[in-house]
Amino acid sequence: MERIAEWLHEKNPGLDGPIDPDEDLIEARLIDSMDFLEFVDLLEELSGRSIDLQEVTIDDFRTLGRVRKRFLSAAG
């Protein structure tokens, strides 16, 4: 999760402090449509798995907690 937080801070230079695991990344505009595919690429790199965009919903990417559960847990 540290690398994801680093990426979010790189994309949002005005962002200070840690990101709450339940903060809505999309509503807070921490991830926008221009960055979304890069975010998916990062998740694929970190998880070691391909993400089929036909099998996920936007809600899977909405918070750090959901990202962890959906893409970075063994049960993913």
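Analyst: The questions and answers below concern a helix, some individual residues and several salt bridges.

Analyst: This is a predicted model, in which local features need pLDDT of at least 70 and side-chain atom pairs count only at pLDDT 80 or more, while totals for chains, interfaces and linings use all residues. Residues are numbered from 1 along each chain as its sequence is written, and side-chain values use heavy atoms, with hydrogens and water left out.

User: How do you know that the length of helix H2 agrees with its number of residues?

Analyst: Helices are DSSP runs (H or I, at least four residues), numbered from the N terminus. The expected span is 1.5 Å times one less than the number of residues. For the 15 residues of H2 (residues 33–47) this gives 21 Å, and the end C-alpha atoms are 21 Å apart, so the two values agree.

User: Which residues of H2 are buried, and what puts them on the same side of the helix?

Analyst: Buried means under 20% relative accessible area, exposed over 50%, and partly exposed in between (1.4 Å probe, protein chains only). The buried residues of H2 are Asp35, Phe36, Phe39, Val40, Leu42 and Leu43. They cover an arc of only 165 degrees around the axis, and therefore lie on the same side of H2. The arc is taken from the directions from the helix axis to the C-beta atoms. Met34, Leu37 and Glu45 are exposed residues on the face turned away from the buried side.

User: Against what do the buried residues of H2 pack?

Analyst: Their packing partners are helix H1 (2–11) and helix H3 (64–72).

User: What makes Asp32 a cap of H2?

Analyst: A side-chain oxygen of Asp32 lies 3.0 Å from the backbone nitrogen of Met34, at the N-terminal end of H2. Just after H2, Gly48 takes a positive phi of about 75 degrees.

User: Why is Arg29 called exposed?

Analyst: Arg29 has a relative accessible area of 69% and is therefore classed as exposed. Arg29 lies in the loop between H1 and H2, and has a positive phi of about 60 degrees although it is not a glycine.

User: Why is Glu38 called partly exposed, and which residues does it touch?

Analyst: The relative accessible area of Glu38, a residue of helix H2, is 37%, so the term partly exposed applies. Not counting residues up to four places away in sequence, Glu38 touches Trp7 and Lys11; contact means heavy atoms within 4.5 Å.

User: What makes Arg62 and Asp59 a salt bridge?

Analyst: A salt bridge is a side-chain nitrogen of Lys or Arg within 4 Å of a carboxyl oxygen of Asp or Glu. The N to O distance between Arg62 and Asp59 is 2.9 Å, and the pair meets in a salt bridge. Arg62 is buried, at 17% relative accessible area, whereas Asp59 is partly exposed, at 37%. Arg66 also forms a salt bridge with Asp59, with the closest N and O atoms 3.9 Å apart.

User: How do you know that Asp60 and Arg70 tie together parts that are apart in sequence?

Analyst: The side chains of Asp60 and Arg70 meet in a salt bridge, at 3.6 Å from N to O. Asp60 lies in the loop between H2 and H3 and Arg70 in helix H3, so the pair ties together parts that are ten residues apart in sequence. Asp60 counts as buried at 17% relative accessibility, and Arg70 as partly exposed at 25%.

User: How many salt bridges does the whole structure hold?

Analyst: A search of the whole structure finds eight.

Notes: Helix = DSSP H or I, 4+ residues; strand = E, 2+ residues; numbered from the N terminus. Polar contact = N/O pair within 3.5 Å; in protein donor to acceptor, adjacent residues only side chain to side chain.
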